[in-house]
Amino acid sequence: MHDRLADRPPHRVIVFAFDGVRLMDVAAPLEVFATASGGARAYTVEVCTPDGRDVTTSTGLRISADLPSARVDHADTLVVPGPADLGTLEERPVLVEQVRLLAGRAQRVAAVCTGAFALAAAGLLRGRRATTHWEHAADLARRHPDTTVTPDAIFVQDGPILTSAGVTAGIDVCLALVEQDQGPEVARRVARDLVVFLQRPGGQSQFSVASRTSATGHPILRPLLDAIAADPAADHSPRALARNAGVSPRHLSRLFREQADTTPAAYVETMRLEAARIMLERGESVTATARRSGLGSDETLRRVFARHLSTTPSAYAARFRTTGTAHAGV
């Protein structure tokens, strides 16, 4: 069996890079496939650019090109990174056309982060499920209603097309591809080498709760939001909030819908979840976190974590909390 594997030609991975591409979107796939190759050269990884010239990433770092996109006659895997600025794809429609042509020569296609927009614009996501960075998921769904967007997934595979979330999710999706190609043992080896999860727990929402809270400056709503953030365990029932604001519960609900696109109860739960997340990261116990965040009981905390983050408080704490044991040599 070893001899048969050794006789196979290397799996050809083409990474399409262009000016304005996010550096990590390119670097993560290169690192995963290079590490998976080891000494066996299971993969050959090449960077192609629109015209064969070097490109400048969004960080200002230049990436060398191996070949122009026109010279790619076939690829076992095509990786399409995303631009830091989505306007890049609109300003340079030739990029979308090149993605379409490259995909036609590839056995499978994987997009990293906003690379999903290039795939969608090229018609590759029509009738398929997909994901992208949580911040842009609604925009992807709006622009391409023929695509079913799953906003909380780390990555989604639909047939030969894979899409992934934010920049580091490029590692996740490429590990999944390595597992498909080389088996779970090789994928685990790569994950250990890169010090990452083979399958990351939870979804994108665990990284984005605070960033999705409202920034409204409404004179009635803003003081309430500040009070909720300052003391999430206090009485923030809709009736109590309305009383503190001097408005009716119905009017308060209308303000929350207009200004925060949510309900009072849902907003309070979101902020309590955020408080609980921070407490767990700092090393608080599950029971203390449930009480101090305002969620009350361990069971309520577990339900809220399952509903919003697709994980458990204990698993979240183990993933995000700094224990200090590595520095202690334990």
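Predicted model: local features only at pLDDT ≥ 70, side-chain atom pairs only at ≥ 80, totals over all residues.
Colleague: What makes R143 and E90 a salt bridge?

Modeller: Their side chains come to 3.1 Å, N to O. The limit is 4 Å between a side-chain nitrogen of Lys or Arg and a carboxyl oxygen of Asp or Glu, so this pair of R143 and E90 qualifies. The two residues sit in distant parts of the chain, 53 residues apart: R143 belongs to helix α6 (residues 137-143) and E90 to helix α3 (residues 87-91).

Colleague: Why does R143 count as partly exposed?

Modeller: Its relative accessibility is 32%. Buried would need under 20% and exposed over 50%, so R143 lands in between.

Colleague: Are D139 and R142 buried or exposed?

Modeller: D139 has a relative accessible area of 17%, so with buried meaning under 20%, D139 is buried. R142 reaches 59%, and since exposed means over 50%, R142 is exposed. Together, E90, D139, R142 and R143 are linked in a network of salt bridges.

Colleague: What makes R292 and E284 a salt bridge as well?

Modeller: The closest N and O atoms of R292 and E284 are 2.4 Å apart, within the 4 Å limit, so the pair counts. R292 is partly exposed at 41%, and E284 is partly exposed at 26%. By this rule the count comes to 16 salt bridges.

Colleague: How many disulfides are there?

Modeller: The count is zero. A pair of cysteine sulfur atoms would have to lie within 2.5 Å.

Colleague: Why are the cysteines C48 and C113 called buried?

Modeller: C48 has a relative accessible area of 0%, and C113 also stands at 0%. Buried means under 20%, so C48 and C113 are both buried.

Colleague: What makes the phi of C113 worth a look?

Modeller: C113 is not a glycine, yet its phi is positive, about 55°. Most residues other than glycine have a negative phi. C113 is found in the loop between β7 (106-111) and α5 (115-121). D261, in the loop between α11 (249-260) and α12 (264-281), also has a positive phi, near 55°, and is a residue other than glycine.

Colleague: Which way do helices α9 and α11 cross, and how do you know?

Modeller: Helix α9 (residues 221-230) and α11 pack at an angle of about 85°, with their axes 11 Å apart. Angles from 65 to 115 degrees count as roughly perpendicular, so α9 is roughly perpendicular to α11. In this contact, L221, L224 and L225 of α9 meet L252, L255, F256 and Q259 of α11. By class, that gives six nonpolar residues, one polar and no charged ones.

Colleague: Where is P9, and why does it count as exposed?

Modeller: P9 sits in the loop between α1 (2-7) and β1 (11-16). At 67% relative accessibility, P9 is above the 50% cut-off, so it counts as exposed. P9 and Y43 are 34 residues apart in sequence, with their C-alpha atoms 8.6 Å apart in space.

Colleague: And how many helices and strands does the protein have?

Modeller: There are 16 helices and eleven strands. Of the 330 residues, 47% count as buried. Among contacts with a separation of 6 or more, residues 24 or more positions apart account for 65%.

How values were computed. Residues numbered from 1 in each chain as written. Heavy atoms only, no water. Helix = DSSP H or I, 4+ residues; strand = E, 2+ residues; numbered from the N terminus. Buried < 20%, exposed > 50% of the residue type's maximum accessible area, 1.4 Å probe, protein only. Axes fitted to C-alpha atoms, helices over the stretch in contact; angles between N-to-C directions. Parallel < 35°, antiparallel > 145°, perpendicular 65-115°, else oblique. Contact = heavy atoms within 4.5 Å. Nonpolar A, V, L, I, M, F, W, Y, C, P; charged D, E, K, R; others polar.
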